[in-house]
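I opened the model to look up a few helix contacts, sheets and single residues, and I kept these notes as I went.

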Amino acid sequence: MRGEALCSRGRKARMLKPLGSLLRDIETGWSPACEAYPPADDEWGVIRVSAVTSGRFAPAEAKRLPSSLQPRPSLEIRSGDVLIARANGARSLVGMACRVSETRPKLMLSDKILRLVPDAEVVDPEFLVMLISSDDVRRQIGNLLNGGSGQNNISQADVRGLAVPDVPLAEQRQIVAAHAAFERRIAALERIVAKRMVMRNALVERLFTNSSMGLTRLGSVSESIAAGITLGSHRVPRQNPTGYLRVANVRKGWIDIDDVATLEAEERDRPRYELTTGDVLVVEGHADPGQIGRSAVVTERESGLLYQNHLFRLRFNNVLPDFAALWLNSSTVRGYWQSRCATSSGLYTINSRLLSDAPFARAGLAEQQRIVEAQQAANRSVEGLRRQINKLLVLQHGFTEDSINGTARLPQP
């Protein structure tokens, strides 16, 4: 593709050049055997690949460096770094890139992440991320994964060889400025969503507080409490990879399936570990005690997936799953976990006995339905705002693609 013209809607197409011509260097990281939980503020850590796979840098996604190992300060993440994931269990997440806006000290690159050092004379760092995230470059990365050994990774040579449009630096900055204007509008709506979510959660807490419901044990109302599938070397995906949910997928009140890992499962695993609509998943352990036991309901989207052993699956007969998840995420149950759980390793965990003994609201189906409907009404307001955000994201994506390809009309400086 190098040197060829990029097809564009009847206008003069941009010429292509290798991504490596925009860089001064590519730096790789280090992946020592780390401890599973995040480092404290004064401790060294190594970022996980999940720190960049959302397109934004997430410094909390890190593992603690053991005290027996010496840190490598040259690998420390710095504000302004451009990072790209060179490997991931999910093919679609290989090549995801971000620019570090804010970080904390003492976080190092892992060997699954590359640091791109842009040549400031030819490329704007923000524009570099936009190039890597463009549809055409994403397709090139996907094609690279289809060859060779079939592993979900790309090399430094692959990154350098990616063909990208040749965009003058002044025009890059115009595109970045227009993209940032979209970002500000989206961020403003996201702040409103966050406020509405706080109001929604407060509403549910008031409904629980003002109700005359008594308490019973969770084990007395649940049909079953079961831990998930244990991972191991024999579970490495080979010919028949099967999706499974991890702790990271189970958020408070919803399930994120943007990054679903795979494993090699046997048919005998399915009856025991396959999820169905209406199951309630509970997080077994977390470094943050406030996140222990967070819960979400399995919907039709997740039905058929398996779940790992750091999650519990609950099934009920006479309890609405949505009510169960609301209650398990309530302040009453969070207080129970924080009073019962302790740690010596930095990872707070619960077991099936503690889960079975957790307090559960004694409520009839009519009372459960009333609370669920109030929460769903509050959700509709939030969903309306999220639809606006999604529309803006679509417009932003279209504008960015057209601008990179040279077919968009840019605002005049």
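The entries below follow the order in which I looked things up.

**Entry 1: the model.** I am working with a predicted model, not an experimental one, and I read every value below with that in mind.

**Entry 2: the four-stranded sheet.** I began with the open sheet whose four strands come in the order β2-β8-β5-β6, with antiparallel pairing. At its edges I found β2, residues 23-28, and β6, residues 97-99, each of which pairs on one side only. Ignoring direction, neighbouring strands of this sheet are turned by 25° against each other on average. Looking at one pair in more detail, I noted that β5 (residues 82-85) and β6 are joined in the antiparallel sense over three bridges, and that V82 stands opposite R99 in β6.

**Entry 3: the helix across that sheet.** Which strands does α1 lie across? I found α1 lying across β2, β5, β6 and β8 (113-118), and running at about 165° to β6.

**Entry 4: α1 against α4.** I then followed α1, residues 125-133, to its packing with α4, residues 169-210, where the angle is about 80° and the axes are 9 Å apart. That angle makes α1 roughly perpendicular to α4, because values from 65 to 115 degrees count as such. On the α1 side I listed E126, F127 and M130, which meet Q172, I175, V176 and H179 in α4. By class, the residues of this contact divide into four nonpolar, two polar and one charged.

**Entry 5: α7 against α10.** Next I looked up α7 (residues 321-328) and α10, whose axes come within 9 Å and cross at roughly 75°; the two helices are therefore roughly perpendicular to each other. The contact is made by D322, F323 and L326 of α7 together with Q368, I371, V372, Q375 and Q376 of α10. Sorted by class, the residues of the contact of α7 with α10 come out as four nonpolar, three polar and one charged.

**Entry 6: N329.** Leaving out residues up to four places away in sequence, I listed its contacts as E205, K252, G253, G293, R294, S295 and R334.

**Entry 7: T407.** I moved on to T407, which is found in the segment after α10 (365-405). T407 has a relative accessibility of 16% and so counts as buried. I also checked T407 against A13: the two are 394 residues apart along the chain, and their C-alpha atoms are separated by 8.3 Å.

**Entry 8: the three-stranded sheet.** Last, I traced an open sheet of three strands in the order β13-β12-β17, with mixed pairing. Why is one side of β13 and of β17 left without a neighbour in the sheet? Both β13 (261-264) and β17 (306-307) stand at the edges with a single partner strand each, so one side of each has no neighbour there. Strand β12, residues 241-245, runs antiparallel to β13 and is joined to β13 by four bridges.

Technical notes. Residues numbered from 1 in each chain as written. Predicted model: local features only at pLDDT ≥ 70, side-chain atom pairs only at ≥ 80, totals over all residues. Heavy atoms only, no water. Axes fitted to C-alpha atoms, helices over the stretch in contact; angles between N-to-C directions. Parallel < 35°, antiparallel > 145°, perpendicular 65-115°, else oblique. Contact = heavy atoms within 4.5 Å. Nonpolar A, V, L, I, M, F, W, Y, C, P; charged D, E, K, R; others polar. Pairing = 2+ DSSP bridges. Buried < 20%, exposed > 50% of the residue type's maximum accessible area, 1.4 Å probe, protein only.
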